[in-house]
Every structure is written in C-alpha cells, then in structure tokens.
Amino acid sequence: MTGPLPDPFADQPDWAPQPPRPIEIVPATGRVELRGRRVLVGLPGLGWRGDLRADERVVQNSRTYVPVIPEQEWYRAESEQVEVFAPLVPVERVWVETLGNRPSVPTVGVSSVNLVSLDAPAHRAPTPVFEAGAVTGRRVVHVADAGEQRDLRAVTETYSGAEGDICVRITPELEWYRWAWRGQPPTTLEVPVHLLWIE
C-alpha cells in the first residue's frame, strides 16, 4: 500500500463537541445582576485582579460601590452561612464576567501574540484542555450533550484513564474551595479531555 492512510474523521467534521460560549467582560456600571457573579477589579492602564465574586451594589453618600469578596471566601460564606469581610470597590472599577455568544466563524491561524487594550480587562477565548499546559486548579467547562457545565476546577493534570482515554479529574468549585478551608478531599469525576475547555 502506498500513499497516506485515509482520515477516518474526514467526512465527520462534527465528531467533537462545539466549544463553550466565551466569557465577555462588561462594566458593572451597566444593568447587570451582581450577586454571586464573578468580577474583576482594577484600574485602566494599571491592571486587573480576578477570582472574585460580587454582592449587590451599595450606595453611600451618592456614590455606588460593589462589595467584592475573594472567591474562596464567597463560597465559604454561602456554604457555611458565615459573614465575611467584603471591601467596597467603586462601581466604575468593577467588571463582570458574562457569557457571550459562540462566534459564527471559528478563528483559524490566530497568532500566539494577542495584544489587548489596557482600557478594560480582556479575557481569552476558551481553550481545549488538550492544548493547554498545566491544568490543575484552573477553571474548566465540561461540554456534553446536555450543554455546558461551569463552575468546575481541574484537580489533576492529563493522564491515561481506565478506558484508555486521555482524561482529567474535575470537581465542583464549592468542593475545590472546601478542600482548602476544611481539608476535606473533593468528590471528583473523570472526564475525557476532548470534553473539557479552559474557561
């Protein structure tokens, strides 16, 4: 036999799931619900900080503020019903993560250099786990027939699963953070990498 072997997936371009919807960053000054939402804080030209959650806006002396809590503390407060300290950040310094729409045309041949504006926080497009470097601790999206499952964290790097698939173990974020404050190991699920995306 001479020549290359035929591609078994050449006539089946839809064999892999569609990527999840991308994260879009919008100013908290708009009409967007804040309670429990992931937010970024910062100053244009200076930088941004993430892994934060917000509570509802607060008005003091005619200025609007957003109570912002580190994500681990937000999960602990919600789970254990305890009060945690939430500094008030001026609303114009807060941006909210929202779900965008899937692009109608996939981007092909995108350069690894991605310049952004320093006027507002930027977010990368979802990346397949098999294209990412280290994944332990990163936010992932599980894409399956039932849709997108978010608020998950990778607990392992890629490994060869029991069925021979390349897999990653994942856990809900609440259990990921509970592992930190209680030392209680999380319940994990083995998922093939072609169903996982870095958020």
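This section describes the overall composition of the protein and the packing of its helices.

The structure is a predicted model. The protein contains two helices and 14 strands. Of its 199 residues, 34% are buried. Among contacts between residues at least 6 apart in sequence, 56% join residues that are at least 24 apart.

Helix α1 spans residues 71–80, and its buried residues are Glu71, Trp74, Tyr75 and Ala77. When α1 is viewed down its axis, these buried residues fall within an arc of 160 degrees, and they therefore line one face of the helix. Such an arrangement can be read against the geometry of the α-helix: with 3.6 residues a turn, residues three or four places apart point the same way. The buried residues of α1 pack against the strands β2, β3, β5 (63–70) and β10, and also against helix α2. Just after α1, glutamine 81 adopts a positive phi of about 55 degrees.

In helix α2, which comprises residues 173–182, the buried residues are Glu173, Tyr177 and Arg178. Just after α2, a positive phi of about 75 degrees is found at glycine 183.

The packing of two helices is described by the angle between their axes and the distance between the axes. For α1 and α2, the axes come within 9 Å and cross at roughly 95 degrees. As angles of 65 to 115 degrees count as roughly perpendicular, α1 is therefore roughly perpendicular to α2. On the α1 side, the contact is made by Glu71, Gln72, Tyr75, Arg76, Ser79 and Glu80. On the α2 side, Glu173, Leu174, Tyr177, Arg178, Ala180, Trp181 and Arg182 take part. By residue class, the contact of α1 with α2 divides into five nonpolar, two polar and six charged residues. Glu71 and Tyr75 of α1 belong to this contact and are buried. Likewise, Glu173, Tyr177 and Arg178 of α2 take part in the contact and are buried.

Methods. Residues numbered from 1 in each chain as written. Predicted model: local features only at pLDDT ≥ 70, side-chain atom pairs only at ≥ 80, totals over all residues. Heavy atoms only, no water. Helix = DSSP H or I, 4+ residues; strand = E, 2+ residues; numbered from the N terminus. Buried < 20%, exposed > 50% of the residue type's maximum accessible area, 1.4 Å probe, protein only. Contact = heavy atoms within 4.5 Å. Axes fitted to C-alpha atoms, helices over the stretch in contact; angles between N-to-C directions. Parallel < 35°, antiparallel > 145°, perpendicular 65-115°, else oblique. Nonpolar A, V, L, I, M, F, W, Y, C, P; charged D, E, K, R; others polar. Arc of directions from axis to C-beta.
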